[in-house]
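Here is a short walk through one structure. Look at it as you read, and start with its charged pairs.

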Amino acid sequence: MANTVIVGMQWGDEGKGKIVDLICPAFDAVARYQGGHNAGHTVRFGDRHFSLRLIPSGILHEGMSCVLGNGMVVAPDAFLGELEELRGAGVDETGRLSVSNRATVLLPLHVALDRARERARGAAAIGTTSRGIGPAYESKVARYGLRMVDLAAPDLEDRIAASLDVVGPQLQAHAAAGRVEEVEAGEASETDPAALADACRAWAERLAPYLADTEHLLNGWIRDGKSLLFEGAQGTLLDVDHGTFPYVTSSSSTAGGAATGTGVPPTAIDGVIGILKAYTTRVGAGPFTTELEDDTGEYLRQRGNEFGTVTGRPRRCGWLDLVAARYAQTLNGVDGIALTKLDVLDELREIKICTGYRLRGEVLHDLPAERAALEDAEPVYDTVPGWQKTTAGALELSDLPPAARDYVARIEDELGAPVLFVSTGPRREETILRHDLPELGRLTSGRLLR
Ligand code: GDP
């Protein structure tokens, strides 16, 4: 049985949702290991459209267990709201959804602080989703935050006071500078300790059926021979340690985060599938070497429907960046690649692939750490012919036009990993599955059917 991590190899939005949904039936459970309700997956299930933020899309598969790991930050209202939405759509999650007792609680005051800070940064804003993710992670690392288990703890009031001691003065300073005026009264009142304690107790009651020591649950399943899928949110280049700091998310989105974010030891993880979009997109601010601010960029945005799932923000679009993708391969040790949205390139006469960065007269092949270097780097491109034929619905690699096959082969060569899936449209059927490659069977326990 295989325990497999699925990770985005770019800046997120690689189309993970569809691939996770596709390979889910090969697993017994899905665990998310980082992030919060800033991550958005759009999944089509039958003819319905689901936008899932906290709960893994595996919940849409009957009988599949889903876990929100300790590495996540969970906003109780968002979680309960999503649950209601699922139930409204007839999805019964009874007995198969668990939230780690050790996950961090994202409080409304974190949202207020996130928004006020983004506003204070003005033009230098990071472009966060302003959902409180960063401040909630800060509360964990600075050790004053609440974990899920604390919502019903006898010393709840003390813990809330500890949070208010840190966040309260910051919010007051922002308020004095006129930066929290847009925060709704409901959220502002959440800085009242008594109101917060009441809210926490109410959440504790409603969340009780879901809270568990999920590290024991997951490790027990592994001992029982079940197969687990570890689902990363965001993407490699947004990892707090390895990403394009400071324009990153606040958690470990690389494959290594699967171990720390779930309590499953690295030795129990069998492999990694990396999701790579056939071009690059990025949401929010930060360096983006292959960005296209021209008609081609706009074409990719429209054709690829590159607008944020959670925020609706238009995504920045550009050519495939192999410098970033090679770095992602180094960090994640991907065993196989899922190449997505190849169809978006179908009509282009020529396609560019970034093979290096030109910086101060030199060509770099590795992603530089220095922020200024990332900002100043110019892409070095190889131009390859487009295929100008439709790829949608191809079932075998041999169904693809030769130039599209060459594009796939080039990625395999450059990254040193086989492309196991080629996605040519949003629907499940629009996927080439490389059953001819042993890695596909190994990473999915041979349970992925044609
Ligand atoms: P995720 O968070 O990584 O899953 O990315 P998104 O939520 O941004 O999903 C990408 C969007 O593209 C969704 O609307 C998918 O239905 C769609 N999508 C996924 N794969 C493909 C593909 O191969 N081709 C096209 N045209 N759309 C796709």
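E215 and R102 form a salt bridge, with their closest N and O atoms 3.1 Å apart. A salt bridge here is a side-chain nitrogen of Lys or Arg within 4 Å of a carboxyl oxygen of Asp or Glu. E215 sits in helix α8 (residues 214-223), while R102 lies in the loop between β7 (97-100) and β8 (104-105), so the pair ties together parts 113 residues apart in sequence. Helices (H or I, at least four residues) and strands (E, at least two) are DSSP runs, numbered from the N terminus.

This is a predicted model: local features need pLDDT of at least 70, side-chain atom pairs count only at pLDDT 80 or more, and totals for chains, interfaces and linings use all residues. Residues are numbered from 1 along each chain as its sequence is written, and side-chain values use heavy atoms, leaving out hydrogens and water.

How exposed are the two partners? E215 counts as buried, at 12% relative accessibility. R102 counts as partly exposed, at 37%. Buried means under 20% relative accessible area, exposed means over 50%, and partly exposed is in between (1.4 Å probe, protein chains only).

The structure holds 32 salt bridges. Side chains of opposite charge can pair when their charged atoms come close. R434 is buried, with a relative accessible area of 9%. D436 counts as exposed, at 57%.

E306 and R315 pair as well, their closest N and O atoms being 2.8 Å apart. Both E306 and R315 are buried. They belong to a network of salt bridges that links D13, K277, E306, R315 and K341.

Now turn to the nonpolar side chains. In soluble globular proteins, such side chains tend to be buried together. A nonpolar core is a set of buried Ala, Val, Leu, Ile, Met, Phe, Trp, Tyr and Cys residues joined through side-chain atoms within 4.5 Å.

The largest nonpolar core has 61 residues, of which V74, F79, L97, L151 and F421 touch the most other members. Helix α7 (residues 193-207) gives the most to this core, with 7 residues. Domain 1 (4-94 + 213-443) and domain 2 (104-207) both give residues to the core, so it lies between them. The domain bounds come from an automatic or database domain assignment.

What does F79 touch? Leaving aside residues up to four places away in sequence, its contacts include L54, L68, V99 and Y210. Contact means heavy atoms within 4.5 Å.

Apart from this core lies another, of 53 residues, among them L228, I269, A325 and I351.
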